[in-house]
Amino acid sequence: MIILAGTPLGNDADASPRLKQALAAADLIAAEDTRRLLNLVRRLEVEIHAPVIAYHDHIEAVKAPELISAAEAGKNVVMVSDAGMPAISDPGFRLAALAAEAGIEFTVIPGPSAPVTALAISGIASDRFTFEGFLPRKDGERKQALESLVDEQRTMIFFESPRRLEATLLAMANIFGTSRHGAVCRELTKVHEEVIRGDLSKLLKWAQSKEVLGEIVLVIAGAPAEANAAADFSALVPQVHELAALGLRLKDAAAYIAQKNGVRKNALFKAALAQE
């Protein structure tokens with residue numbers, strides 16, 4: 001069979017007994033990073049007898065059929081990513097899809113998951129959420145992606161590089177409004193775990209004040225319900241019209257007032273348009 005197995009994010013004590021058993025009994029192990037996997041099994045004191053092959057994003061399309069063939073030949077194949085659950089912004093999805101299509105028996109050994117761990121520790125509403133993975137690297141594409149989420153009412157979870165964190169938080173503050181609540185979760189389960197909670201203005205100031213290192217997960221509160229947001233616009237719409245009277249486009253005026261007051265610019269623009 002095919003087994004997708006979750007591995008610790010950083011704390012080896014989070015490795016499950018099932019993970020250890022599966023690695024010890026595997027006939028073939030596919031790892032996103034073979035060196036990290038071998039280091040992990042050494043620390044866990046697990047003896048593996050199976051060959052370990054590389055299985056990362058760049059070669060998954062080629063390697064997945066090989067793993068399916070191995071399973072069809074009667075081998076137990078275990079696939080692990082660097083940390084956390086395979087297939088969640090990590091290799092594994094193609095393998096699971098191919099196994100399902102081919103009728104190969106496969107299962108998952110649940111384990112640590114960075115998005116869910118960050119959501120739980122963020123203190124932000126967790127009843128409904130969406131995982132967005134990594135945002136685009138280019139400014140224009142990132143802006144477009146965030147604008148498509150401006151009315152998303154579910155809590156949003158993102159992965160981000162520490163090098164791009166400041167730029168991403170700035171873009172979020174400009175698009176979602178500086179008062180939108182969020183959390184920066186850094187180095188989850190590791191020795192230097194750190195969680196910064198607050199509005200986007202606070203998170204941005206924190207990111208600008210230091211060199212941020214390590215694995216980052218961002219948790220951002222969803223947009224307020226339309227009815228609640230509209231109640232805030234009665235005092236803001238006249239300000240938008242005042243700026244428009246000075247020569248600004250109504251859309252630009254709405255964007256400026258929205259950013260200043262931490263509300264959604266699209267909703268404010270619609271409210272101002274309706275009262276022209």
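Colleague: I'm new to this one. What share of the 276 residues of the protein chain counts as buried?

Modeller: Keep in mind that this is a predicted model. To count as buried, a residue needs under 20% relative accessible area. Of the 276 residues in the protein chain, the share that passes is 45%.

Colleague: How many helices and strands does the protein chain have, and what does its C-alpha trace span along the principal axes?

Modeller: The secondary structure comes to 12 helices and 10 strands. Along its principal axes, the C-alpha trace spans about 75 × 40 × 30 Å.

Colleague: Which element gives the most to the largest nonpolar core?

Modeller: That core has 24 residues, and those with the most contacts inside it include Phe 158, Leu 165 and Met 172. The elements giving two or more residues to the core are β7 (155-160), α7 (165-176), α8 (200-208) and β10 (216-220). With seven residues, the element that gives the most is α7.

Colleague: How many residues are in the other core, the one with Ala 26 and Val 80?

Modeller: This other core lies apart from the largest one, and Ala 31 and Leu 40 are also among its residues. Its count is 18 residues.

Colleague: Which residues does Met 172 touch, not counting residues up to four places away in sequence?

Modeller: Met 172 is one of the residues with the most contacts inside the largest core. Phe 158, another of those residues, is among the ones Met 172 touches.

Colleague: Is Arg 164 buried or exposed?

Modeller: Arg 164 has its place in the loop between β7 and α7. Leaving aside neighbours within four places in sequence, Arg 164 is in contact with Phe 134 and Arg 137. Its relative accessible area is 16%, and the cut-off is under 20%, so Arg 164 is buried.

Colleague: Why do the buried residues of α10 line one face of the helix?

Modeller: In α10 (residues 237-245), the buried residues include Val 237, Val 240 and Leu 243. Seen down the axis of α10, the buried residues line one face because they fall within an arc of 125°.

Colleague: And what do the buried residues of α10 pack against?

Modeller: On the other side of α10, Glu 242 and Ala 245 are exposed. Just after the helix, Gly 247 takes a positive phi of about 120°. As for the buried residues, they pack against α11 (250-261) and α12 (265-274).

Colleague: What separates the C-alpha atoms of Ala 245 and Asp 33?

Modeller: Ala 245 lies in helix α10 and counts as exposed at 69% relative accessibility. Along the chain, Ala 245 and Asp 33 are 212 residues apart. Their C-alpha atoms are separated by 60 Å.

Colleague: Over to α4: what covers its buried residues?

Modeller: In α4 (residues 93-102), Leu 95, Ala 96 and Ala 99 are buried. They cover an arc of only 95° around the axis, which puts them on the same side of α4. Phe 93 and Glu 101 are exposed on the other side. What covers the buried residues includes β1 (2-5), α3 (60-72), β4 (77-80) and β5 (106-109).

Colleague: Which residues is Val 108 in contact with, leaving aside its neighbours within four places in sequence?

Modeller: Val 108 lies in strand β5 and is partly exposed, with a relative accessible area of 33%. Its contacts, leaving aside those neighbours, are Leu 4, Arg 18 and Met 85.

Colleague: Where is Ala 87, and what is its phi near?

Modeller: Ala 87 lies in the loop between β4 and α4, and is partly exposed with a relative accessible area of 30%. Its phi is a positive value in a residue other than glycine, near 80°.

Colleague: What is the phi of Glu 187 near?

Modeller: Glu 187 is found in the loop between β8 (181-186) and β9 (194-199). Glu 187 is buried, with a relative accessible area of 15%. Here too phi is positive in a residue other than glycine, and the value is near 55°.

Technical notes. Residues are numbered from 1 along each chain as its sequence is written. This is a predicted model: local features need pLDDT of at least 70, side-chain atom pairs count only at pLDDT 80 or more; totals for chains, interfaces and linings use all residues. Side-chain values use heavy atoms; hydrogens and water are left out. Buried means under 20% relative accessible area, exposed over 50%, partly exposed in between (1.4 Å probe, protein chains only). Helices (H or I, at least four residues) and strands (E, at least two) are DSSP runs, numbered from the N terminus. The arc is that of the directions from the helix axis to the C-beta atoms. Contact means heavy atoms within 4.5 Å. A nonpolar core is a set of buried Ala, Val, Leu, Ile, Met, Phe, Trp, Tyr and Cys residues joined through side-chain atoms within 4.5 Å.
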